[in-house]
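This report describes the fold, the core and the charged pairs of a protein chain. The sequence and structure are shown first.

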Amino acid sequence: MKQKLDYRHVDRGELADYLAQRDILSAEAMDGSHVYRCRDQQSETLVVALPGGDALIVSVPPALPVDRRRRGG
């Protein structure tokens, strides 16, 4: 089953706070935009910082546990 992506729009101040609280695993820049791959204790996120100072934080919600027991029929 496909997981839905969650995203959140943040301003420059929120972006700085967000990045300060996470480990940055990789960062790349192109045409004035920056892309960060981040990790905290629970998950990884992708942050796209746009030239105007705004950013999008993209994440996948944690997966729900799957009950793999077979039911007798």
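A nonpolar core is here a set of buried Ala, Val, Leu, Ile, Met, Phe, Trp, Tyr and Cys residues joined through side-chain atoms within 4.5 Å. Buried means under 20% relative accessible area, exposed over 50%, and partly exposed in between (1.4 Å probe, protein chains only). The model is predicted: local features need pLDDT of at least 70 and side-chain atom pairs count only at pLDDT 80 or more, whereas totals for chains, interfaces and linings use all residues. Residues are numbered from 1 along each chain as its sequence is written, and side-chain values use heavy atoms, with hydrogens and water left out.

**Overall fold**

The protein chain contains 1 helix and 5 strands, arranged along the sequence in the pattern β-α-β-β-β-β. Helices (H or I, at least four residues) and strands (E, at least two) are DSSP runs, numbered from the N terminus. The strands form an open sheet of 5 strands in the order β1-β5-β4-β3-β2, with antiparallel pairing; two strands pair if DSSP finds at least two bridges between them. At the edges are β1 (6-10) and β2 (23-30), each of which pairs on one side only. On average, neighbouring strands of this sheet are turned by 15° against each other, direction ignored. Such angles run from 0 to 180 degrees between N-to-C directions, the axes being lines fitted to C-alpha atoms, for helices over the stretch in contact.

Between β2 and β3 there are 7 bridges in the antiparallel sense, and Ala-27 has Tyr-36 in β3 as its bridge partner. The helix α1 lies across β1, β2, β3, β4 and β5 and runs at about 145° to β4.

**Core and burial**

The largest nonpolar core has 10 residues: Val-10, Leu-15, Tyr-18, Leu-19, Tyr-36, Cys-38, Val-47, Ala-49, Ala-55 and Ile-57. Two or more residues come from each of α1 (12-20), β3 (33-39), β4 (44-49) and β5 (55-59), and α1 gives the most, with 3 residues. In soluble globular proteins, nonpolar side chains tend to be buried together. Contact means heavy atoms within 4.5 Å. Not counting residues up to four places away in sequence, Val-10 touches Leu-15, Asp-54, Ala-55 and Ile-57.

Ser-33 is placed in strand β3 and counts as buried because its relative accessibility is 18%. Leaving aside neighbours within four places in sequence, Ser-33 is in contact with Glu-28, Ala-49, Leu-50 and Pro-51. Over the whole protein chain, buried residues make up 19% of the 73 residues.

**Salt bridges**

A salt bridge is a side-chain nitrogen of Lys or Arg within 4 Å of a carboxyl oxygen of Asp or Glu. By this rule there are 3 salt bridges, listed below.

| Pair | N to O distance |
|---|---|
| Arg-22 and Asp-40 | 3.7 Å |
| Glu-44 and Arg-37 | 3.0 Å |
| Glu-44 and Arg-39 | 2.9 Å |

Arg-22 lies in the loop between α1 and β2 and Asp-40 in the loop between β3 and β4, so this pair ties together parts that are 18 residues apart in sequence. Asp-40 is partly exposed, at 27% relative accessibility. Glu-44 also counts as partly exposed, at 33%, as do Arg-37 at 36% and Arg-39 at 37%. Through shared partners, salt bridges join Arg-37, Arg-39 and Glu-44 into one network.
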